[in-house]
Amino acid sequence: MAENAIIEVSDLRMYFPVTSGLFLQRQVAQVKAVDGVSFTVHRGETLGLVGESGCGKTTVGKCVLQLYRPTSGKVMFDGNDLCRLSDAELRPFRRKLQLIFQDPGESLDPRFTAVDIIGEPIRVQGDMNKSAYRDRISELLEIVGLAPYMADRYPHEFSGGQRQRLGVARALALEPSFIVCDEPVSALDVSIQAQIINLLDDLQQRFGIA
């Protein structure tokens, strides 16, 4: 990998099959959502993908995170080709690779409180005791500009900007080194967008996140 690079993507391709037939489906074509994309992201750096709607930006991000398994290409993270790892082998790397979704309303489970939403990655990947777990949730809420007393509120009790702050806190829960931001302000009011962009910039400077 290039010196000081955290992610190095080489000739990434993601083709989705087009099938025909009701019972005996057969592939008749392919949709080339991503076709030969290469880039490098260094530690603490921001890289923006710009393009029209439907051009494959989100698909690239999901391929990097291995939420979609690419058709071909390499995604090198800290010297490891994520595309060649099994699901079990990927598990330790998922702590360091996180995602902030485009629509905070759709990405937060309405049945979960803020503490459940932020704490889910910790419960899945971590091994904190109950006291440390609650302290970590309060810390994350404060980091993203929310008050700890909001921990027991449900998503509908937050504004759009506050819901996106919850999404950011969830992404930070496992102290990642790389976060894919899928148009994180496009679903927000113009008056709130700058606040979230400034928050992301502050967090990058504070924690050195790419």
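Predicted model: local features only at pLDDT ≥ 70, side-chain atom pairs only at ≥ 80, totals over all residues.
**Salt bridges**

I got eight salt bridges for the structure. I went through some of them one by one.

Asp78 and Arg43 pair up through their side chains, at 2.7 Å from N to O. Asp78 sits in the loop between strands S3 and S4, and Arg43 in the loop between strand S2 and helix H1, so this pair ties together parts 35 residues apart in sequence.

Next I looked at Asp81, which bridges to Arg84 with the closest N and O atoms 3.4 Å apart. Asp81 is buried at 11% relative accessibility, whereas Arg84 is exposed at 68%.

Then I turned to Glu139 and Arg136, whose side chains meet at 3.0 Å, N to O. They are three residues apart in helix H5, so about one helical turn separates them. Arg136 is buried at 10%, while Glu139 is partly exposed at 39%.

**Helix H7**

I moved on to H7, residues 190–207, which spans 26 Å from first to last C-alpha, close to the 26 Å expected for its 18 residues. Which of its residues are buried? I found Ile196, Leu199, Leu203 and Gln204. They cover an arc of only 135° around the axis, which means they share one side of H7. Helices H5 and H6 are among what covers them. On the other side, I noted Val190, Ser191 and Gln205 as exposed. Just past the helix, Gly208 has a positive phi of about 70°.

Conventions
Residues numbered from 1 in each chain as written. Heavy atoms only, no water. Helix = DSSP H or I, 4+ residues; strand = E, 2+ residues; numbered from the N terminus. Expected span 1.5 Å × (residues − 1). Buried < 20%, exposed > 50% of the residue type's maximum accessible area, 1.4 Å probe, protein only. Arc of directions from axis to C-beta. Contact = heavy atoms within 4.5 Å. Salt bridge = Lys/Arg side-chain N within 4 Å of Asp/Glu carboxyl O.
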